[in-house]
Amino acid sequence: MTEIKELLLSRIRDVADYPEPGVMFKDITPLLADPAAFTALTDALAEIAERTGATKVIGLEARGFILGAPVAVRAGLGFIPVRKAGKLPGATLAQAYDLEYGSAEIEVHAEDLTAGDRVLIVDDVLATGGTAEASVQLIRRAGADVAGLAVLMELGFLSGRARLEPALNGAPLEALLTV
């Protein structure tokens with residue numbers, strides 16, 4: 001696993017002062033552009049999906065789509081996008097959540113999750129945990145179980161794990177990298 005971590009870290013670019021002064025943005029586009037690194041990432045996340053007994057993968061808008069879809073294919077599971085409010089046609093379930101300055105809302109198609117589904121949430125970064133926590137609530141409101149949360153990178157200094165662990169209620173939270 002150390003070799004995979006080193007490969008992934010070597011393909012993540014730091015961009016200073018983006019999107020605002022004082023922020024060090026972690027750009028994963030070089031990782032996505034490298035087929036060996038992207039394959040290693042997909043394989044590692046698919047292994048988590050298999051280990052947790054997931055039956056479906058949810059990807060959080062937008063980079064969670066990029067990571068979650070190939071993970072679902074690799075693991076032989078269905079993929080479900082969780083979108084910002086107003087982006088999905090038809091019947092949806094919505095969940096509002098608080099941001100640092102204001103609030104936001106995410107949605108999922110109501111019929112895509114059913115009782116008996118075990119859902120792995122996939123995203124690129126765990127920061128404060130707000131969107132991930134809202135997705136946990138959506139999954140449970142749809143009658144499905146949360147198999148776990150898997151991310152490429154956890155920004156430990158933002159304490160998202162502390163916020164999420166009570167909501168996950170014992171389901172694993174796995175970060176391939178912690179920065």
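Residues are numbered from 1 along each chain as its sequence is written. Because the model is predicted, local features need pLDDT of at least 70 and side-chain atom pairs count only at pLDDT 80 or more, while totals for chains, interfaces and linings use all residues; side-chain values use heavy atoms, with hydrogens and water left out.

A pocket here is an open set of points on a 1 Å grid over the protein atoms alone, where a 1.4 Å probe fits, with protein on both sides within 12 Å along at least five of seven lines. Grid points are joined across faces, edges and corners, and the volume is the space filled by probe spheres set on the points. On these terms, the largest pocket has a volume of about 1,300 Å³. Its lining (residues with an atom within 4 Å of a point) comprises 35 residues, and Arg63, Val125, Ala127, Leu155 and Leu158 are the ones that lie nearest the centre. By class, the lining divides into 21 nonpolar, four polar and ten charged residues; Ala, Val, Leu, Ile, Met, Phe, Trp, Tyr, Cys and Pro count as nonpolar, Asp, Glu, Lys and Arg as charged, and the others, Gly among them, as polar.

Which elements supply the lining of the largest pocket? Helices (H or I, at least four residues) and strands (E, at least two) are DSSP runs, numbered from the N terminus. At least two lining residues each come from strands E2 (24-27), E4 (78-84), E5 (92-99), E6 (102-109), E7 (118-126) and E8 (145-154), and from helix H5 (130-141). E7 gives the most, with four residues.

Two of these contributors, E5 and E6, pair in the antiparallel sense over eight bridges, where pairing requires at least two bridges found by DSSP. E5 and E6 form a hairpin with two residues between them, and Ala94 has Glu107 in E6 as its bridge partner. Glu100 sits in the loop between E5 and E6. Is Glu100 buried or exposed? With a relative accessibility of 69%, Glu100 counts as exposed (buried means under 20% relative accessible area, exposed over 50%, partly exposed in between, with a 1.4 Å probe and protein chains only).

Helix H5 has twelve residues and reaches 17 Å from its first C-alpha to its last, close to the 16 Å expected at 1.5 Å a residue; the expected span is 1.5 Å times one less than the number of residues. Among the residues of H5, Gly130, Ala132, Glu133, Ala134, Ser135, Val136, Leu138 and Ile139 are buried. Just after H5, Gly143 takes a positive phi of about 95°.

The structure also holds two aromatic pairs. Rings of Phe, Tyr and Trp (its six-membered ring) pair if their centres lie within 6.5 Å; planes under 30 degrees apart count as stacked, over 60 as edge-to-face and the rest as tilted. The ring centres of Tyr18 and Phe25 are 5.2 Å apart and the planes meet at 80°, so this pair is edge-to-face. Tyr18 is partly exposed at 45% relative accessibility, and Phe25 is partly exposed at 22%. Phe65 and Phe79 also form an edge-to-face pair, at 6.5 Å centre to centre and 85° between the planes. Phe65 belongs to helix H4 (residues 63-75) and Phe79 to strand E4, so this pair ties together parts that are 14 residues apart in sequence. Phe79 is partly exposed, at 27% relative accessibility.

Several backbone details round out the picture. The peptide bond from Tyr18 to Pro19 is cis, with omega near 5°, and Pro19 is placed in the loop between strand E1 (13-16) and E2. Asp17 lies in the loop between E1 and E2; its phi is near 60°, a positive value in a residue other than glycine. Another cis peptide bond joins Glu61 and Ala62, with omega about -5°, and Ala62 is in the loop between strand E3 (56-60) and H4. Ser159, found in the loop between E8 and helix H6 (160-168), has a positive phi of about 60° although it is not a glycine.
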